[in-house]
Amino acid sequence: MDLEDSKDNISKKEPKKELVELAGKINELKKRLLIPEKIAKDIKEQLDDTYDQAEENIALVGGSPDDIAKMWGYNIGGLLYEYLSKRDSLEGRQALSFIRMNLGYELIAKGMTEIEISSFIMGLSLRYNLGFENMKKKIAEIERMLGKIECE
């Protein structure tokens, strides 16, 4: 066994070790934050569903793993908006906490490269940009209606 072989073996074992450590830390945090198992399972299922939807959508038109990652980020944005609208409730805050804790693990567990993770973030950013544009339109509409009311 030479130096190259030992480097290959170490590099192959480190990601698994990191995933196990990360999973352990997530479980520890989940216990400390008292996130109910039902919420954790629901979020995990939703994360998996959004990924499956991204794969199916990209498979229809053809694309690379980068495109799947970007579409998944876009889909996750919708999921986050849903829970952000419920953040006044305990369940909403718990769900957001679990998403925040679990998302990094999900990205690593799916074996995403740095470029795919960047594509994921781009898709998420596109979703938030769309949300921001929609919010600006709604604010402009409210200002217009207030203007009408003030003129009357």
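How many salt bridges does the structure hold? The structure holds seven of them, where a salt bridge is a side-chain nitrogen of Lys or Arg within 4 Å of a carboxyl oxygen of Asp or Glu. This is a predicted model, in which local features need pLDDT of at least 70 and side-chain atom pairs count only at pLDDT 80 or more, while totals for chains, interfaces and linings use all residues. Residues are numbered from 1 along each chain as its sequence is written, and side-chain values use heavy atoms, with hydrogens and water left out.

We can begin with the overall plan. The protein chain has five helices and zero strands, and its pattern along the sequence reads α-α-α-α-α; helices (H or I, at least four residues) and strands (E, at least two) are DSSP runs, numbered from the N terminus. Of the contacts in the protein chain with a separation of 6 or more, 73% are between residues 24 or more positions apart, a contact being heavy atoms within 4.5 Å. The accessible surface of the protein chain comes to about 10,700 Å², and 57% of this belongs to carbon and sulfur atoms; such areas come from the Shrake-Rupley method with a 1.4 Å probe, and for residues only the protein chains shown count as cover. Of the 152 residues in the protein chain, 26% are buried, where buried means under 20% relative accessible area, exposed over 50%, and partly exposed in between (1.4 Å probe, protein chains only).

The side chain of Thr50 reaches the backbone oxygen of Leu47 at 2.8 Å, and a polar contact of 2.9 Å joins the side chains of Thr50 and Trp72. A polar contact is a pair of N or O atoms within 3.5 Å; within protein, one must be able to donate a hydrogen and the other to accept it, and residues adjacent in sequence count only if both atoms are side-chain atoms. Leaving aside residues up to four places away in sequence, Thr50 touches Trp72, Asn75 and Ile76.

Salt bridges link Lys44, Asp48, Glu106 and Lys110 in a network. Asp48 pairs with Lys44, their closest N and O atoms being 3.2 Å apart, and because these residues are four apart in helix α2, about one helical turn separates them. Asp48 also meets Lys110 in a salt bridge of 3.7 Å, N to O. This second pair links distant parts of the chain, since Asp48 is in helix α2 and Lys110 is in the loop between α4 (90–109) and α5, 62 residues apart. Lys110 in turn forms a salt bridge with Glu106, with 3.6 Å between the closest N and O atoms. Is Glu106 buried or exposed? At 2% relative accessibility, Glu106 counts as buried, whereas Lys110 is partly exposed at 28%.
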